[in-house]
Amino acid sequence: MTIATFIAAMHGYRNTQEQLNTILDDELQTLASFILNSQYKDKVQAASKKLNDPKQALSNKKIYQVFSNSGELLASSKDAPSEAMSEKNGFSEEAFAGLRWRTYKLANQRVSVIVAQSDSYRRNVTERILLATLVPVVFSIPLIGLLVFYIIRKSLSPLRYLSSELTNKHSEDLTGVFIEAPSKELVPVVNRLNELFNRLASSFELEKQLSANAAHELRTPISVLAIAANNLLEDFKQNTLTQTHFEDLSQNVERMAQVIEQIIGLFRFTSDSIDAKKSIVDIEKILQEVISNNYLSIEKEKQTIELNTREVKVFASEFALYVLFENLIRNAIKYGGKESHIRIDVFEHPSHIEVNVQDSGQGLSSQDMQKLTSRFFRASNQTNIKGSGLGLAISKHIINLHQGTLSFQNAPLGGLLVKVEIPKGNTNAS
């Protein structure tokens with residue numbers, strides 16, 4: 001702003017100087033014309049008295065000379081020299097009496113008139129006018145600077161506050177940042193930072209839970225495996241090994257593998273991974289695939305399974321829904337019991353689909369149903385069946401990521417009915 005104001009002032013100075021020179025030149029022309037056209041000597045003398053103000057310094061005066069055509073000096077100002085101040089008609093620059101002068105010569109058939117004005121006077125007039133014009137501008141620069149400083153400081157105060165908050169934030173403090181009345185440019189920055197903090201906090205919490213759950217759930221099968229290995233070693237030494245020993249060992253290894261798979265599955269699904277892998281999914285196809293892959297277990301338990309559906313599509317993660325329905329159907333196989341019946345019904349609604357999985361096994365109390373999605377929870381009437389207690393927790397996690405619902409009730413068949421509701425989403429997406 002200072003540079004721009006200085007450039008504007010210099011430009012104004014040049015323009016003002018040119019305009020003032022034009023005005024002063026017009027004044028000289030008017031004065032010369034007045035003197036030339038004065039027919040009476042008293043008028044010339046009156047003009048001479050006005051121009052010869054004794055209080056004015058020579059450098060501030062206008063002086064004149066009147067010559068006859070024969071070169072005789074007829075009249076002049078008191079301070080004018082005796083010789084002609086200029087030999088050229090019109091305007092010219094001359095030097096005499098120790099000063100530089102702007103002169104103008106005008107002539108007719110009888111006389112010639114020469115008027116002069118000092119350059120110092122002309123400069124002083126220009127400087128006074130410019131000073132009167134530029135002083136307010138010069139004094140306004142600091143005021144404008146203070147105003148700009150105040151506006152910028154006030155506008156950047158949310159940014160300074162954000163900088164201070166981030167500087168003072170401890171590395172383990174992942175709470176969001178709150179700024180009162182942030183500028184519209186800062187709103188997306190704060191929102192993205194808070195989203196990042198939330199995601200980091202969720203990731204660290206998942207990491208803690210993974211460590212705690214792994215330590216909690218793997219402790220028992222590892223201990224059992226250690227005992228089984230020790231028993232196998234003792235029986236080997238005594239040559240009393242039987243098939244039962246190896247079957248027990250195989251069951252414990254299988255249980256540990258299942259626990260590890262489910263713990264990893266619980267933390268595999270995040271909102272980002274789900275959203276990135278969403279596509280149009282055929283529910284009927286997924287259910288048929290899950291039933292086919294688990295049919296050996298159904299046959300082993302001498303169970304029957306019934307699927308009532310038609311082609312129904314949703315916009316979701318195919319892999320996540322496969323894991324969801326496999327957990328539900330495996331639970332029905334495991335807890336339905338020998339020779340039980342499993343029924344799966346699919347209903348299509350305008351905004352969502354509904355999948356009901358029920359079995360003819362034992363029902364559950366309302367207290368147990370409220371805790372079914374808790375990690376490592378085992379129903380009070382199912383303690384004799386081995387499991388990790390993570391299957392329904394994983395299912396609930398997947399449903400939440402799809403903005404759906406998971407509910408439980410006693411089934412008409414006699415066992416447990418699990419109701420899954422999933423929004424259809426954008427089924428027209430490519």
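**Entry 1: hairpins.** I began with the turn between S3 and S4: these strands form a hairpin with two residues between them, and Ala97 in the turn has a positive phi of about 55 degrees. I took strands (E, at least two residues) and helices (H or I, at least four) as DSSP runs, numbered from the N terminus. The model is predicted: local features need pLDDT of at least 70, side-chain atom pairs count only at pLDDT 80 or more, and totals for chains, interfaces and linings use all residues. Residues are numbered from 1 along each chain as its sequence is written, and side-chain values use heavy atoms, with hydrogens and water left out.

I then looked up the pairing, which requires that DSSP find at least two bridges between two strands. S3 (residues 90-96) and S4 (residues 99-107) are antiparallel, with seven bridges. Phe96 stands opposite Leu99 in S4. S4 also pairs with S5 (residues 111-118), again in the antiparallel sense over seven bridges. Thr103 has Ala116 in S5 as its bridge partner.

**Entry 2: helix H1.** I noted that H1 covers residues 2-36, 35 residues in total. Its span from first to last C-alpha is 50 Å, close to the 51 Å expected at 1.5 Å a residue; the expected span is 1.5 Å times one less than the number of residues. I listed the buried residues of H1, among them Leu20, Leu24, Asp25, Leu28 and Leu31. Buried means under 20% relative accessible area, exposed over 50%, and partly exposed in between (1.4 Å probe, protein chains only).

**Entry 3: salt bridges.** I recorded 13 salt bridges in the structure, each a side-chain nitrogen of Lys or Arg within 4 Å of a carboxyl oxygen of Asp or Glu.

I looked up Lys338 and Glu301, whose closest N and O atoms are 3.7 Å apart. The two lie 37 residues apart, Lys338 in the loop between H9 (318-336) and S9 (341-348), Glu301 in the loop between H8 (295-300) and S7 (304-308). Lys338 counts as exposed because its relative accessibility is 58%, whereas Glu301, at 21%, is partly exposed.

I next found Glu354 bridged to Lys419, with 3.9 Å between the closest N and O atoms. This pair links strand S10 (residues 352-359), which holds Glu354, to strand S12 (residues 416-423), which holds Lys419, 65 residues apart. Glu354 is buried at 11%; Lys419 is partly exposed at 23%.

Finally, I noted one network of salt bridges with shared partners, joining Asp25, Glu93, Arg102 and Arg122.
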